[in-house]
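Welcome! Here is a short briefing to read alongside the sequence and the 3D view. Take a moment to look around before you start.

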Amino acid sequence: MTRRQAAATLALAALPCAGCGAVPTLNDAGPARGEKSATPTTTAGVSAASPPASSALITPAAPSRSAAPLPLAGKVVGIDPGHNGGNFDDPGFINRLIWNGREQETCDTCGTQTASGYTEAQFNFNVARHLHDDLVSRGATVVVTRRSNDGVGPCVNARAQIINAAHADVAIDIHADGGPTWGRGFTVLEPVADGPNDEVISASVQFGANVRAALLEHTVMPLSDYYGSDGVVFRNDLAGLNLTTVPKVLIECGNMPNPTDAALLSSPGFQSDVARAFAEAITIFLATR
Ligand SMILES: [Zn+2]
């Protein structure tokens, strides 16, 4: 086994659903992913000009009609809805190796799903859509890494680069886990210093605390009882966290194979609650910066 093959094996072992179509396994830690064809220009949201017709996600900050400034006026927020609904159709692209800042990992995975087949990619995208609208209403400019749920990619490293290039003030990677069926709850994944992200570690930890508190306040999802410690885990093997130059955390919003969590994750009401929690956390975090 060559070094490259060994790295690939490690990466595949660490990610669920690798190869697409595989049965989801413990810890869907797959980081940010998006549209295969995405280029830095598709990060849209930064630009007020020509928003993509197919996108409900990309919108410039709305002007305020009130005298009081909107709480997120002048702020740029990155949203990365993990995976993509079309990843199942292009394993050759999704399984190719990319550099995640420490080692090679696959471009993306397909993500996990509930027992009834509701996909994580759809959940992530729905939450992102709600969050986008909420943030825009608060005055933010929003950058997203994918604009639909029927595309492929982009790769996890490209997603990080999209948000970095936009110089986002803060960013969030939205996921749901593929843990054991008996396990419940959400987990905040936080970066470990590795060079590129050195300057944003402490800010990311603070943001993670804001997100953790907001999820407990605004949703009924408990802290994870099977993953991390008190709802938090540090990860040094994910491109979205290794390569970030802006404060960022990755959230596993619940455990899709668990029946109780699955019912919540599939629910439009819960998806809206999660988005509101994220918007509140982002507003609180940016109020002091
Ligand atoms: Zn995921």
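A residue counts as buried when its relative accessible area is under 20%. With that in hand, look at helix α4 (residues 156-165), which is mostly covered, as seven of its ten residues are buried. Keep in mind that this is a predicted model.

**The whole chain**

- The protein chain has 289 residues, and 58% of them count as buried.
- Its secondary structure is made up of eight helices and eight strands.
- Among contacts with a separation of 6 or more, 84% come from residues 24 or more positions apart.
- The chain's accessible surface is about 11100 Å², and carbon and sulfur atoms make up 56% of that surface.

**Helix α4**

- Which residues of α4 are buried? They are Val 156, Asn 157, Arg 159, Ala 160, Ile 162, Ile 163 and Asn 164.
- A handy rule for reading such a list is that an α-helix has 3.6 residues a turn, so residues three or four places apart point the same way.
- After α4 comes His 167, which has a positive phi, near 55 degrees.

- Strand β6 (residues 187-191) is largely enclosed by the rest of the structure, because five of its five residues are buried.
- Thr 187, Leu 189 and Pro 191 point one way from β6, while Val 188 and Glu 190 point the other way.
- On the antiparallel side of the pairing story, β6 joins strand β8 (residues 248-255) over three bridges, and Leu 189 stands opposite Leu 250 in β8.
- β6 also runs parallel to strand β7 (residues 232-235), with four bridges joining the two; here Glu 190 stands opposite Phe 234.
- To get from β6 to β7, the chain passes through helix α5 (residues 201-218), and this β-α-β crossover is right-handed.

**The disulfide**

- How many disulfides does the structure hold? There is one, formed by Cys 107 and Cys 155, whose sulfur atoms are 2.2 Å apart.
- As a reminder, a disulfide is a covalent bond between the sulfur atoms of two cysteines.
- Why is this disulfide left-handed? The torsion about the S-S bond of Cys 107 and Cys 155 is about -95 degrees, so the disulfide is left-handed.
- Cys 107 lies in the loop between β3 (104-106) and α3 (120-137), and Cys 155 in the loop between β4 (141-144) and α4, so the pair ties together parts that are 48 residues apart in sequence.
- Are these two cysteines buried or exposed? Both Cys 107 and Cys 155 are buried.

Notes. Residues are numbered from 1 along each chain as its sequence is written. This is a predicted model: local features need pLDDT of at least 70, side-chain atom pairs count only at pLDDT 80 or more; totals for chains, interfaces and linings use all residues. Side-chain values use heavy atoms; hydrogens and water are left out. Buried means under 20% relative accessible area, exposed over 50%, partly exposed in between (1.4 Å probe, protein chains only). Two strands pair if DSSP finds at least two bridges between them. A crossover is right-handed if, with the strands pointing away from the viewer, the path from the first strand over the helix to the second runs clockwise. Contact means heavy atoms within 4.5 Å. Accessible areas come from the Shrake-Rupley method with a 1.4 Å probe; for residues, only the protein chains shown count as cover. A disulfide is a pair of cysteine sulfur atoms within 2.5 Å.
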